[in-house]
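The following paragraphs lead the reader through a structure, from a cavity to the cores and then to the sheet. Please view the sequence and the structure together.

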Amino acid sequence: IRVVKKSVFTITKMDCPSEEALIRMKLAHHASIAKLEFQLAERTLTVYHDEPDDSLFASLVALDLDAHWVRTEEASGPQAEEFTLQSKLLWQVLAINLVFFMAETAFGFISDSMGLVSDGLDMLSDAIVYGLSLLAVGAAVVKKQRVARASGYLQMALALLGMAEVLRRFFLVEALPDPATMAGVSALALVANGWCLVLLQRAKSQDAHMQASLIFTSNDVLVNAGVIAAAGLVTVTGSRLPDLLIGLFVFALVLRGAFRILKLAK
């Protein structure tokens, strides 16, 4: 956990949301800030930051809202517990995604299924993103936004590479995928991703890096259902096109998620 300090200030003239917005804008440039907690009724502001920042008080004084420093102490209590919970949940979903990346990619190549390969690569990108998110837990708001932005660019790159692979297979590979393997592996991945979604929702966090993780996992649930449906269509039609189409759909979904995350990180 990087948050080591909690500074409390009283701000006598802070009694409505307009002053809160003014303070947020004034403190936005402080890279050490992890979270701000406003209590308008008590006219207090609690700042969580990951390193000593003597300029915090100076910035508040400059607003001429009659700010007074109360105390600075080690962060503990509910805020520290929130960061600990985030770390615990992210480690769990990271492990799940790594396991299913290896399983889906291996079975995808064995069964000649682009749907499984694309889903496996998507799980790998998720695992990398969860790892990046772990670096951001308890870090400054600015760093959380940078991690979310890096996650978005990573997904965009994987999506474009994946679409190129779908086109290559369409023109050069003629093998029919094994629908039983597609459906079976994707059903297991669906259960795993559903559980990951439940775990991430337990954090109840609005931080950019956690919201990015939720977007990734929500996409995965849709992808797994799509691969199962594609397996049924391969069986019915005897064609590899449903498998290629679901692969293309997966990467289009990944690309859409990347744009959503980049918007979130602004």
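Asp112, Met114, Arg169, Val173, Ala175, Pro177, Arg240, Asp243 and Leu244 line the largest cavity; on a 1 Å grid over the protein atoms alone, a cavity is a set of points where a 1.4 Å probe fits but cannot get out, and lining residues have an atom within 4 Å of a point. This cavity holds about 60 Å³ of space, and the structure has two cavities of 30 Å³ or more. Grid points are joined across faces, edges and corners, and a volume is the space filled by probe spheres set on the points.

The model is a predicted one, in which local features need pLDDT of at least 70, side-chain atom pairs count only at pLDDT 80 or more, and totals for chains, interfaces and linings use all residues. Residues are numbered from 1 along each chain as its sequence is written, and side-chain values use heavy atoms, with hydrogens and water left out.

The largest nonpolar core has 20 residues, and Met182 and Val227 have the most contacts inside it. Such a core is a set of buried Ala, Val, Leu, Ile, Met, Phe, Trp, Tyr and Cys residues joined through side-chain atoms within 4.5 Å, where buried means under 20% relative accessible area with a 1.4 Å probe, protein chains only. At least two residues of this core come from each of helices H4 (114-136), H5 (141-172), H6 (179-202), H7 (208-237) and H8 (241-264). Helices (H or I, at least four residues) and strands (E, at least two) are DSSP runs, numbered from the N terminus. The most is given by H8, with nine residues. Leaving aside residues up to four places away in sequence, Val227 touches Gly115, Leu116, Met182, Ser186 and Ile246; contact means heavy atoms within 4.5 Å. A second, separate core of 17 residues includes Val93, Tyr130, Cys196 and Leu200.

The sheet comes next. It is open and antiparallel, with four strands in the order E2-E3-E1-E4; two strands pair if DSSP finds at least two bridges between them. Strands E2 (33-39) and E4 (67-73) stand at the edges with a single partner strand each, so one side of each lacks a neighbour in the sheet.

Six bridges join E2 to the antiparallel strand E3 (residues 44-49). Within this pair, Glu37 stands opposite Thr46, and Phe38 has Leu45 as its bridge partner. E2 and E3 form a hairpin with four residues between them, and Arg43 in the turn has a positive phi of about 55°.

Note on methods: Buried means under 20% relative accessible area, exposed over 50%, partly exposed in between (1.4 Å probe, protein chains only). On a 1 Å grid over the protein atoms alone, a cavity is a set of points where a 1.4 Å probe fits but cannot get out, and a pocket is an open set with protein on both sides within 12 Å along at least five of seven lines; lining residues have an atom within 4 Å of a point.
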